[in-house]
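Here is a short report for a first look at this structure. Keep the sequence and the 3D view side by side as you read.

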Amino acid sequence: MPPARAVKEEDTTATGDRSRPEGPRQPLWVEEPATRRRMPDPVRTAAVRAVLITSLTLIQAMVAFLSELAGSWLAFPMVLAGVGSTVVATWSVLDVWVTRQVWNQRNGVVSMPSSSARQLRRERRAARRAARTAERDGAGIRRRDAGRRLSRA
């Protein structure tokens, strides 16, 4: 960034044109509410673990490549270790996905009251209830105590 230009006090008062407003200064930044919800703790810890393992794997691969270019004896062991850490990094990334799925299953997902899926389920439930009521009334199913009343009469 270029350095800020110094404005002399005489220049701004002589022309009457001020670049800054006279009121209180504006803050450097304005905090805005987050658009996404925070990740659950187990998922976040798995994600941090995966990022650390993946970054270490990339560093290890770079060291293996550079030692191979230099013709060092360390190249072969580093390549073998790189293959192993690639497997571990893949496993850690899969762990994030599995942890997220397990958390969603155990704790449920946030459902909005206006969710279309919830509305469809409500309509299906009402239709089944109406069908059962119609079937009960149409088939002439008697209650248990209704039979007893007939025999007592």
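Trp103 is partly exposed, with a relative accessible area of 26%. Partly exposed is the class between buried, under 20% relative accessible area, and exposed, over 50% (1.4 Å probe, protein chains only). The areas come from the Shrake-Rupley method, and for residues only the protein chains shown count as cover. Trp103 sits in helix H3 (residues 75–107). Helices are DSSP runs (H or I, at least four residues), numbered from the N terminus.

What does Trp103 touch, not counting residues up to four places away in sequence? The partners are Pro40, Pro42, Val43 and Gly108. Contact here means heavy atoms within 4.5 Å. Take Val43: Trp103 and Val43 are 60 residues apart in sequence, yet 7.8 Å apart in space, C-alpha to C-alpha.

## Basis of the model

This is a predicted model: local features need pLDDT of at least 70, side-chain atom pairs count only at pLDDT 80 or more, and totals for chains, interfaces and linings use all residues. Residues are numbered from 1 along each chain as its sequence is written, and side-chain values use heavy atoms, with hydrogens and water left out.

## Two salt bridges

Side chains of opposite charge can pair when their charged atoms come close. How many salt bridges does a search of the whole structure find? It finds two. A salt bridge is a side-chain nitrogen of Lys or Arg within 4 Å of a carboxyl oxygen of Asp or Glu.

One joins the side chains of Arg44 and Asp41 (2.5 Å, N to O). Both residues lie in helix H2 (residues 41–70), three residues apart, about one turn of the helix. Arg44 is partly exposed at 25% relative accessibility. Asp41 is partly exposed too, at 49%.

The side chains of Arg49 and Asp95 also meet in a salt bridge (2.9 Å, N to O). This pair links distant parts of the chain: Arg49 is in helix H2 and Asp95 in helix H3, 46 residues apart. Arg49 is partly exposed at 41% relative accessibility. Asp95 is partly exposed at 25%.

## A positive patch

Arg121, Arg122, Arg124, Arg125, Arg128, Arg129, Arg132 and Arg136 gather in a surface patch of positive charge. Such patches take residues with over 30% relative accessible area and no salt bridge, joining like charges within 9 Å. Lys and Arg count as positive, and the charge of Arg is placed at CZ.

Arg132 is one of these residues. Arg132 belongs to helix H4 (residues 116–139). Its relative accessible area is 48%, so Arg132 is partly exposed.

Definitions and conventions: Patches are made of residues with over 30% relative accessible area and no salt bridge: like charges are joined within 9 Å, nonpolar side chains (Val, Leu, Ile, Met, Phe, Trp, Tyr) within 5 Å. Accessible areas come from the Shrake-Rupley method with a 1.4 Å probe; for residues, only the protein chains shown count as cover. Helices (H or I, at least four residues) and strands (E, at least two) are DSSP runs, numbered from the N terminus.
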